[in-house]
Each structure stands twice: as structure tokens, then as C-alpha cells.
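Here is a short report on a structural model. It covers secondary-structure packing, a sheet and a chain interface.

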Amino acid sequence: MRLALSCYVRKTIFLPLLVLVSCLLLPQIAASSNDQQAVPNTPATQPASPKPALVALVTHGTHSSYDACLIGIRSGLQAEKHKPDITSINLKNTQPISWDKFQLVVAIGSKATSEILKLGLDNKILAVLLPKITYNQLVYQASDKYKTGTNISAVYLDQPVGRYLALINALAPQAKTVGVMLGEGASVYEAPLDESQHLYQLQVRHGYVKKGLSPLKALGTIIDRSDVLLALPDTSVYNSNTVPGILLSSYRKGIPLIGFSRAYIRAGALTGIYTLPQELGYQTSQKILAIHQQNYQKLPQPAFPDSFDISVNYQVARSLGFKNVELNKLKQRIAEHVKGENF
Amino acid sequence: MFKWNIKTRILFLSLVPTFTIALLLGIYFVSARISDLQRALEERGIAITENLAYASEYGVASGNAQVLQHLINTARDGDSDIISIAILDEGGHLFAYNGPQSALNKHRESNSLPSTTDVAIGDEYIIVQTPIIGQPIEISDVPNELNQFAIAGRTLGYISIQMSHKEATIRQYQTFTATFFIVLTGLFGSGYIAVRMVRDVTTPVIKMSRAVDQIREGRLDVRVEPVATGELQTLAEGINAMAESLREAREEMQQNIEQATSDLRQTLETIEVQNIELDIARKQALDGSRIKSEFMANMSHEIRTPLNGIIGFTDVLLKNAQNPQNIDYLTTIRKSATNLLTIINDILDFSKIEAGKMELDNAPLSLRDTLDEVLNILAPASHAKKLELVAMVYADVPDDLIGDALRIKQVLTNIVNNAIKFTKQGSVVVRIMMVGEENGLVNLCIRVTDTGIGISDKQKRNLFQAFSQADTSTTRKFGGTGLGLVISQKLVQGMKGEVGVESKLGEGSTFWFTVKLERASEQTPTELIPSKISSKDVLIIDQHPVTLLSLRQNIECFNVKISECASFDRVQHFLLDGSKDYGLFILGSRDYDEEATKLEKVMAEIRSQFPQVPLITLLNTNDNQIRQLMLDKGSSQCLVKPTTQKRLVESILNSLDSERPVTVVEATDDEALPSSHSESSYRQCHVMAVDDNDANLKLLTIFLQAFGLEVDQGSNGLEALRLAKKQEYSMIFMDIQMPEMDGITAMQAIRSNTINKDTPIIALTAHAMAGEKEKLLSAGMDDYLSKPITEQQISALLDKWVTQKAISDNFEKATKEQNDAANAAPASPAIPSQSSPTASPKPTYLNPAPDLVDLEQGLAQAGNRADVAQEMFDMLQNSLPDARKKIETALEIEEWEALQSAVHKLHGACCYCGVPKLKKQSNYVEDLLKQKDYELVPDEAGVLLMLIDKVENLKGQVKYI
């Protein structure tokens with residue numbers, strides 16, 4: 001009887017109290033957590049005699065590639081003594097920000113870059129982790145003040161065209177023709193392709209995809225005349241909807257498809273050349289340091305990734321009859337080919 | 001519940017649930033299967049469509065109609081259910097098609113172009129349509145939110161498949177048919193199993209039932225075949241065990257029966273021997289009895305004949321005797337002879353009763369008259385002893401009854417006579433009362449109370465023993481044979497009654513007996529007293545209280561006022577009572593010698609005051625002088641005690657009728673002789689007397705001559721016949737037993753061949769056996785007269801048969817009573833003497849076949865009685881045809897038991913007939929049959945039949961006598 005009474009008292013008195021305390025404390029805990037994320041790494045309240053430079057690392061939303069890129073940036077800045085304070089900003093979550101305090105705004109990803117450009121900031125802007133063709137289209141669509149190239153620069157995600165061809169050369173030395181479909185941004189690739197094909201003794205077959213039409217039709221025009229099919233990061237041609245058809249067509253024709261990302265290789269491309277976001281972040285950190293050292297007065301020219309990586313879809317390789325593909329040798333040969341290039 | 005047999009029950013239990021379950025399952029599975037098939041068709045259509053949608057994604061996306069055509073061709077070729085396949089682009093235009101042109105429109109008709117897979121079900125087909133959706137593949141390592149071309153799940157076109165129901169329907173029918181046949185097979189299977197099971201159960205049961213029936217019919221060797229298992233087998237074994245037990249029990253019982261039969265047969269043989277011996281003994285006893293009866297009859301005849309003479313001639317002498325001493329001697333002789341006759345009658349009665357030959361008459365009788373007669377006869381004796389003899393018949397006693405008046409009178413006489421005999425003084429009261437009535441029989445009790453010496457309890461025990469009296473000295477003192485009460489007891493028992501006595505030594509006795517008598521249908525009207533005295537006062541004066549009561553009872557039913565005066569001294573008191581209007585005085589005297597003075601005084605008082613009122617006096621004496629004196633003194637009528645109602649009423653009527661002469665009504669004295677009545681009455685008559693005994697003939701002649709008749713005498717039948725031819729007689733007295741020609745033959749001859757055809761012929765016989773009278777009357781005699789003959793008897797007969805006019809009433813009455821009294825005792829039947837010789841005559845043998853019949857042996861076996869031996873032999877011969885027939889029949893059909901029975905019977909019959917050969921052969925055949933040695937039986941039975949024939953042929957030739 002006594003035990004039952006005590007249980008009843010515990011249930012009727014302590015449980016409501018516990019719930020009440022929890023409700024009061026939880027919002028405060030959440031607020032502190034948000035502050036840590038939103039507030040720059042260096043507390044603003046900390047007194048510093050020379051006001052340190054402030055760099056904003058801006059993303060739009062979250063993605064593993066963004067995180068890897070941020071890690072790369074931070075790791076590249078970490079060892080340096082003279083470095084700017086950096087602040088991570090997720091445009092999707094934060095409240096209106098006072099951008100004036102940032103000497104440099106690093107926009108990670110095409111969406112973040114697009115949003116920053118839409119803001120029309122006067123800050124120096126460094127766009128990273130976006131293909132060259134996208135960068136060009138954003139800048140083209142942005143305010144004129146960005147078109148001079150003084151306030152904005154980029155570190156591209158995609159590789160210079162020569163590296164693709166080098167890869168083709170290294171992978172299939174017997175290949176003579178390379179089919180490439182070009183869409184709305186065909187001009188970005190046309191000239192480099194023309195320049196490089198001779199370098200690698202390859203003949204590029206262009207297939208133009210008209211707006212509103214399926215790229216498979218264009219593919220049909222070139223696939224029978226190509227030994228290798230090269231996919232370029234032009235979303236008007238190669239997007240998630242067109243890729244299945246392109247992959248199936250190339251597979252059926254037995255034409256190896258060279259992709260531009262790890263995802264493409266996993267989707268069915270024979271092989272591809274790409275740079276990992278973390279390495280791209282590291283390259284970005286080096287750019288930031290350089291800008292920092294120049295006191296944010298001048299921005300470097302947009303650049304392709306310094307490093308690259310290669311993957312092979314061995315299943316596709318076996319299907320297409322490629323045997324004993326060795327990645328290291330491929331890397332080595334590509335490295336030999338691409339020395340000094342900067343397309 | 002239904003009266004089903006096991007077969008039906010098992011079939012019902014196995015088939016009905018099976019059928020029901022099979023039907024339900026069949027319906028369920030068929031419907032489920034049909035549904036499944038339909039669903040499977042749909043699902044297959046969906047699966048094909050969706051797979052085709054995936055497969056055709058590239059073709060549609062790339063617009064490669066060739067690929068698509070190939071795809072749908074391949075898809076349709078492998079499936080007969082698919083009627084047609086159409087691939088439409090996202091605008092619903094036909095991209096590729098496989099199927100008949102006629103079906104093409106079906107796809108277009110149903111092209112509502114669904115966003116998801118859709119199934120349209122028609123009567124003969126279904127159309128499944130599903131969109132072809134392009135599936136995006138991520139190809140970039142980084143998100144490219146700016147890619148405007150990436151549209152997830154874009155519909156590229158539609159796949160439409162038309163599928164036929166036919167196959168599904170066929171498969172449904174197949175399913176239905178298969179299910180039907182499976183159910184049918186299952187049913188037949190379960191039915192077959194059930195029938196087998198039924199057979200497994202019923203066959204043993206039927207076999208067991210048959211076996212039990214056969215066992216019940218007695219075939220105990222029947223066994224149930226081991227066809228069953230389990231419990232039925234146990235049951236079958238049980239039945240077999242039971243049958244075995246029954247068989248053993250029956251065999252044991254059979255043995256016991258055979259043993260018992262054998263024992264019984266032996267016992268029967270012994271009993272047969274004993275029966276035959278008993279039969280011989282019975283015949284000897286009957287012979288002895290017959291001889292005794294004949295002896296008794298003869299003795300009776302022989303004794304009665306001389307007694308007849310003695311009494312008759314004594315009466316003749318008494319008529320003529322003048323010397324008082326001679327009269328006294330003659331009276332003594334007559335009394336002694338009469339006593340002797342009484343004793344002989346008693347002995348004859350007793351012997352008749354003992355022999356069971358006493359036959360009681362059933363005739364209308366008046367009990368009061370009977371009592372009156374008895375008391376009249378016995379009154380003188382009571383008067384002589386100055387005893388008050390009173391008769392009291394209660395009012396409810398019916399008067400008209402049916403019975404043997406003579407025997408009632410005999411019993412009553414015996415008891416009242418005894419009462420008078422053993423009473424010195426006082427009274428003897430006879431009461432007759434009705435005890436009850438049932439089944440038409442009136443139960444009457446007659447009590448005779450005396451104030452005599454009484455009987456002790458010890459004496460009572462021997463009272464109804466033959467030849468005994470209460471005291472041996474009694475016989476010496478009072479006389480008598482000691483047979484009276486025994487005879488009375490037997491007679492009363494014959495009348496379904498009882499006899500008893502209530503008595504204490506010295507305090508008197510009451511002897512009582514009961515009789516059961518039928519009522520007579522016709523009632524005699526009671527004579528009524530005229531209105532002259534009705535409603536008037538009647539004064540009864542008597543000093544004896546019982547007499548007073550008796551008198552009152554006699555008249556109280558006539559609507560008169562009765563006053564009783566028990567003392568002469570108080571008569572005056574009654575006479576002076578002014579309230580009385582006397583119409584009659586009845587004055588009784590107990591003893592005139594003592595009460596004469598008082599009596600005369602009372603009469604004088606009455607006459608002085610009531611000179612015209614009738615006065616009836618009752619006296620206890622037969623003295624006519626005294627009675628005449630009473631009449632002279634003023635008595636209207638003078639009666640002798642005891643008086644009865646009839647006489648009293650008659651007397652009253654006479655008193656009231658002034659024209660009637662004053663009479664003295666007296667009791668009849670059996671001692672009284674007929675007065676010398678008018679001989680001239682018969683003077684013109686001529687009669688014939690026939691008797692071979694000279695004395696009797698002479699006496700009869702004297703008696704008849706005393707009546708003034710002219711008598712012709714005949715000593716035998718021939719003489720009678722001769723006389724009858726010459727003279728016409730008024731009457732013929734014919735003795736029966738006579739030499740040369742007996743009375744019957746003579747009577748018949750007279751009746752047939754003489755002028756006396758119509759003459760009354762009276763039989764005379766001394767045979768007093770029962771039935772004698774009837775025998776004689778039926779032979780043609782007109783009447784019957786038992787010896788000894790008395791004048792009274794003759795007088796009555798003359799009165800009856802001879803026309804005469806003037807015989808006085810008194811004489812007639814006296815004669816009649818004498819005749820009745822005489823008939824009471826000697827009316828005994830007789831055994832015809834001619835048919836039964838007193839000793840067997842010496843045998844005279846006749847034996848034509850000594851080899852077959854041994855007369856000596858037969859005689860010895862019959863106890864040396866030739867007549868018995870003859871009878872036995874005749875019986876055997878009479879039985880032979882039947883025996884032979886039975887033996888032949890049994891032999892023919894070889895029914896050995898019947899043959900044994902017949903031979904056994906024959907053997908038994910042969911044992912006492914002096915036929916040794918037949919006996920031996922029958923014994924031999926019987927032994928063979930007993931030993932069941934049937935082989936020899938036919939031959940030996942043939943020999944037996946031959947012997948039977950031989951003995952049968954001797955019929956009438958073998959004579960023992």
C-alpha cells in the first residue's frame with residue numbers, strides 16, 4: 001500500500017516537473033548550437049589590435065561535396081600563421097547577413113555562386129566547385145561589375161579538355177575519333193577541343209544538340225563515326241535524364257564513354273577524370289591565402305583544378321573488352337601529357 | 001432419429017460430410033482459382049506492361065521504333081494471352097504496335113493515358129496501360145541545382161497491352177472440370193471406402209446374426225467364421241464361445257434328460273405294473289363291495305320278508321285279540337319287530353351312505369308341514385313324558401322350498417326324538433330360522449333345544465361317530481343303534497349343511513343343523529284370517545313362556561292385537577281390562593293333570609264374560625276324553641300341543657265359522673292302527689296278489705281281504721299271466737323276484753297280451769337300494785311298494801289306484817302319514833340280483849392257440865379271477881389294431897422314438913394277459929430300440945407284427961369262463 005502510494009506521488013509530481021524543465025532548457029541549447037554554426041570561428045567580441053581579414057565560406061544547402069570542400073579549405077588554412085578568419089555561411093539557413101565585413105566571399109557550388117552574384121556584393125568573390133561553363137553562364141547573367149573579372153574569380157570543378165583527351169589516349173591508344181555532343185554552351189568547348197585533338201592525335205566528331213530535342217538524336221549522328229564518346233559537363237546535353245539513353249546507346253554500340261565525374265563512372269561511363277572536392281578545397285585555400293597575402297586587392301585568374309583523379313568502371317571495362325586497365329599507369333601517362341597545359 | 005441400419009448410418013456419416021466438405025471446398029477453390037486466374041492475368045499484364053515500360057524507356061526516349069517493335073514483338077511472341085501491344089508517345093500517338101489491326105482501336109479507345117498503371121477490364125479482354133517514365137541518373141559529383149534539363153520522372157510515353165480472357169477462361173474451365181473430377185473421384189473414393197467399411201462391419205454382423213438365428217433354432221454346432229477384426233471379432237468369438245457353452249449345456253442336459261427319461265420309463269413301468277395290480281385290487285374291492293351290497297340287500301330282503309310276516313300277522317292278531325294279556329304280548333311283539341325294522345333301516349341307510357349311494361330327492365316341500373308332521377309323530381312321546389314340545393318357525397323362513405322332505409324329516413325326527421328321549425322333564429323347543437340366502441339357496445338353521453341330561457365335552461367328540469352314543473350305558477338305558485346322529489350328519493352334509501351340538505352336562509343340549517335349500521318358484525298363498533277378528537284383541541294364556549312366544553309368533557302376522565298372560569291367576573285381570581276388545585282367546589295347558597282345576601276356572605271366567613268369543617284350548621295330551629271335556633266346558637276348538645301355525649289358523653277359522661262343526665284336531669299317532677273302515681268301499685273290486693313267498697302272499701291276501709277286496713293269488717309270473725288272461729282285475733300286486741318268470745316279465749306279458757292291459761300293477765320288492773323304485777317304474781310298473789307291507793301302505797295304494805268315494809278324511813290322513821313314515825327309511829335301492837352272482841363260477845377254459853396264449857399264466861396274473869383275466873385279454877385284443885397301425889407307420893418312416901413308444905405300450909399291455917410270445921418279442925424289439933440297434937429292428941418288428949396278427953385272429957376264441 002505504501003509502495004503504491006509512493007509510486008503514485010512520483011508519477012503525479014516528478015514527471016510533470018521533468019517535462020517542464022526540459023521545455024525550458026531545450027530552446028537555449030538549440031540556440032547555442034546555431035550560434036556556433038552561424039557565428040564566425042573567430043569571435044567578433046575578441047579584441048584584436050589589427051582587425052583580421054574576414055573570409056566567408058558560403059554554401060547553399062548541405063552536401064557531402066560542400067563539406068569535403070570546406071574541410072579541404074580549412075585544412076589548407078590551418079597550418080598557416082597568417083591567415084584570414086573564415087566564416088561558414090549556409091545561405092539556406094541563415095538570416096540576412098551583413099556582407100560588408102567580409103573581405104572575400106568564397107561561394108562553394110553553382111547555387112551559392114548564383115545567389116551571391118544575385119546579391120550584387122562589392123566584396124571579392126571566389127567561386128569554386130562549379131564547371132567552367134556554368135561559371136561563364138552565371139557571370140554572363142550577373143551584374144556587369146563582375147564581367148570585368150576583377151571582383152570575381154573561380155576554381156573550376158571540371159578538367160581542361162586536354163586532360164580528357166589525354167585520358168582517351170592513355171586508355172585507348174588505338175582510338176582515332178572522339179565523339180562529342182555539344183549543346184547550348186558549345187563554344188566553351190569547341191576551341192579547346194580543336195586545339196587539343198591534334199595534340200593527342202585524335203579526331204573530334206561534334207554532335208550538336210538542338211534546344212528542346214533529345215541529345216540521343218545527335219548522338220545517333222556521331223556515335224557510328226566515333227571510337228570513343230566523350231561527355232562534357234554541359235547540362236543541356238548531359239543531364240540525369242539524358243544520360244541513361246546515352247549510356248545505353250554507347251553500350252549497345254560498344255563505344256566507350258568517358259565521363260567527367262565519379263558519379264558518371266558509377267552510372268556507366270567506362271572511365272573519367274575528375275578532381276575531388278576536398279582537393280579542390282585545398283586548392284581554394286591556397287587561393288585564399290594568396291588573396292590574403294595581397295590584402296584582398298587582386299584576385300587570381302580562374303583556374304582549372306591542379307590535381308585530378310581517375311576511376312575506372314571495371315564492369316563496363318569488362319563488357320567493352322578492356323582488360324588489365326591499370327589506374328596508376330593511366331595517371332602517370334596523363335600526367336606526362338598534361339604538363340604545362342592550362343586550357 | 002431415423003430407423004437406419006448400420007450400413008445406411010455409416011454411408012451417411014462418411015459420404016454426407018465428405019460430400020459437403022468436398023462441395024464447399026470445391027466451390028471455394030474454384031471461385032478462388034477463377035479469381036486468382038483473373039487476378040493473375042491482370043498482374044501478369046501489369047508486370048509485362050511495367051517491364052515493357054522499363055524496357056522501352058530507351059526506345060521511346062531515343063525514338064527508336066525499331067527497338068520498340070522488336071521489344072513488343074518479342075513480348076507478344078512468348079505469350080498467347082497478349083492480343084496486342086501498343087506503345088504510344090507521350091502525346092498518345094502510336095509509336096509501335098503488334099497485333100491485329102482490328103484491335104488497334106481498342107488501345108486508342110481506352111487511352112485516357114493514365115499517370116500510373118491502369119487496368120481496364122472488358123468482356124473478352126483486358127487492357128493494361130502504364131506510363132513509360134524516364135528514370136534520371138545522377139552523373140555529377142556535386143549538386144547542380146541550376147540544371148534546367150533535369151526533370152525527374154518525366155513521362156516518355158505509354159505501353160498498352162490488350163490481353164485475352166480466353167486462356168484464363170479456359171484455365172478456369174479446366175480448373176472447374178479438374179475440381180469437379182477431383183471432388184467426384186474423392187466422393188467415389190470415400191464412397192468406396194465407406195462401402196468397404198460398411199461391408200467390413202455389416203458382413204460380420206449379418207453372419208453373426210445368421211449364426212445367432214441358427215443357434216436359436218437349435219443348431220448349436222454353427223460357428224461364426226472369423227471374418228471380422230477388432231471388437232466384432234471379439235463379439236464373434238463371444239458368440240462362438242456362447243454357442244459352445246450352449247452346446248455343452250445342451251449335451252449335458254440331453255444326457256440328464258435321457259437319464260431322467262430312462263429313470264422315468266423305469267418308474268412308469270413300475271407304475272404301470274402297480275396300476276395293473278391296483279386295477280386288479282380295485283376290481284377285487286369293487287367285487288367285494290358289490291358282494292357286500294348284494295349281501296346287505298339280500299339280508300334286508302331276507303330279514304324284511306319274515307318281519308313283514310311277523311308285523312303283519314301281529315297286526316291281524318291284535319285286531320282280533322280280546323284277552324288283554326294277549327294284546328299286551330302282541331303289542332310287545334309288534335313293537336320289538338318294529339324296532340328291529342328300524343334298526344335294519346338304520347343299518348341300511350348307513351351302509352348306503354357309506355357306499356355313497358344315498359341320493360337326495362329334489363321336490364317341492366313345505367318346511368312347516370314337514371315340521372308339523374314330525375312333531376305330530378313325536379308328540380305322543382313328549383306327552384307321555386309331560387314335556388313341553390314347542391315349535392317356533394320364524395316369520396322370515398320361506399315355506400315353499402325344494403329339497404328332500406323325507407330326509408329332512410328323518411334328520412329332524414332323529415334329533416327331536418333324541419331330545420325327547422334324553423329329557424326327563426321340561427321342554428323340547430324346535431326353532432327354524434333363516435340364516436341367509438345366497439345364489440338362490442336359502443340357508444336354514446334348525447335348532448332343537450332340550451332341558452335334558454346334557455352332554456360333556458368329551459362325549460361330544462364321539463357323538464357323531466358311528467355305533468356310538470354319549471355313554472355306553474345310554475344304549476342300555478335309552479336303546480338305539482348309535483347310528484342316528486351319524487346318518488343325520490351325513491344327510492345334512494348331503495344337503496350342504498352342518499350339524500352341531502351345544503351342550504353342558506346336566507344343563508340340557510341344543511342340537512342344530514343347517515341345510516341349504518332352493519326356493520320354489522310358486523308361493524302358496526297364505527290363508528288369511530277374516531276381518532272378524534282383525535284389529536281385535538287376542539289373549540294368549542299359557543304358563544310356559546316359550547309356548548307363549550310360539551303362539552304369539554304364529555298369529556302376530558295377522559294384524560291382531562295380542563295380549564299375553566303367563567299365569568292363570570292373572571287372567572281375570574286381562575278380562576276385566578275394559579280397553580280390550582277381545583276377538584279370540586287361546587288357552588294352553590302344560591299339564592292337564594296338574595292344571596285341570598285352574599284351567600276349568602279360567603275357561604269359566606272367559607265364558608262368563610265373553611260367551612261368544614271363540615276360545616281355543618291347547619292340551620298336552622292325546623286323550624280324547626279330556627279334549628271332549630274341554631269342548632263341553634266351552635272351548636270352541638281343542639288342539640293338541642305342539643300346534644303349528646297351519647293348524648292354529650285352521651282352528652281359528654273353524655271357530656269363527658259358526659257353521660263349522662266343533663272338532664277335535666289331534667295329532668296322528670304312528671302306533672295307531674287303521675280302524676275297521678268301510679270294507680264295503682272295495683267290495684266290488686277284484687285284485688291279484690303275486691308272490692313266491694307263501695307267507696308274504698298270505699299276508700298280502702289277508703291285508704287286501706281286510707279291505708273287502710276279492711283276491712286271486714299267484715306264486716310266480718306264469719301263474720299271474722295265466723290268471724290275468726282269465727280275469728280282469730282292479731289292481732295287481734306283483735312281486736319282482738320270482739322263479740320261472742319274474743315280475744317285470746310277467747308285467748310286460750300282461751300288458752301286451754291280456755285283458756288287463758290297463759290294470760294298475762304295483763311292484764312289491766324287498767330290495768331297498770337306491771334307484772330300485774325308478775328302475776321298476778321305468779320298466780312299466782305303475783307304483784312301488786317296499787316290504788314290509790303295512791295296511792296303511794295298501795290302503796294308500798288302493799285309494800290312489802282303485803276308484804272309491806267314501807274314505808274318511810281322518811283315515812286318509814293317518815294312512816298317508818303312516819305311508820310316508822314307512823317310506824322314509826326303507827326306500828333303498830337294490831342291486832339286481834340276477835346280474836351279480838355272489839361268487840364267481842368255476843372257470844371253463846377255451847384256448848385254440850396254446851403256443852400264443854397261456855391261460856394259466858393269464859389267470860395267475862389276474863389274481864385267479866377268471867372274469868378279470870378275460871377282461872384283460874379282451875382289452876389287449878381291442879388295443880392290438882391300433883398298436884399294429886402305430887408300429888407299421890413308425891417303421892415305415894423310421895421314426896424310432898415313436899416306434900419305441902408304440903412297442904413299449906404294447907409290451908405293457910401284454911404283461912397281464914398271458915401272451916408270453918408277444919410279450920417276449922415286444923420286449924426284445926423295445927430293447928433293440930433302446931440300444932439304438934436299428935439294423936435289426938425292421939426284421940424283429942416284422943416278427944412282432946406277425947405275432948400281433950396271430951393274437952388278433954384269436955378274437956372271441958379264447959375263453960376263461
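Predicted model: local features only at pLDDT ≥ 70, side-chain atom pairs only at ≥ 80, totals over all residues.

## Helix on strands

S1 and S2 of chain B belong to an open sheet of five strands. The order is S2-S1-S5-S4-S3, and the pairing is antiparallel. Strand S2 (94–98) and strand S3 (118–121) of chain B form the edges. Each of these two pairs on one side only. On average, neighbouring strands of the sheet are turned by 15° against each other, with direction ignored.

Strands S4 (residues 125–134) and S5 (residues 154–164) of chain B run antiparallel and are joined by 10 bridges. B:Thr130 has B:Ile159 of S5(B) standing opposite.

## The A–B interface

Contacts between the chains involve 30 residues of chain A and 21 residues of chain B. Three helices of chain A each supply at least two residues of the side that touches chain B: H3 (110–119), H8 (243–253) and H9 (262–267). H8(A) gives the largest share, five residues.

What is the make-up of the side of chain A that touches chain B, in nonpolar, polar and charged residues? The residues divide into 12 nonpolar, 16 polar and two charged.

Conventions
Residues numbered from 1 in each chain as written. Chains lettered and ligands numbered in written order. Contact = placed C-beta atoms within 7 Å. Helix = DSSP H or I, 4+ residues; strand = E, 2+ residues; numbered from the N terminus. Nonpolar A, V, L, I, M, F, W, Y, C, P; charged D, E, K, R; others polar. Pairing = 2+ DSSP bridges. Axes fitted to C-alpha atoms, helices over the stretch in contact; angles between N-to-C directions.
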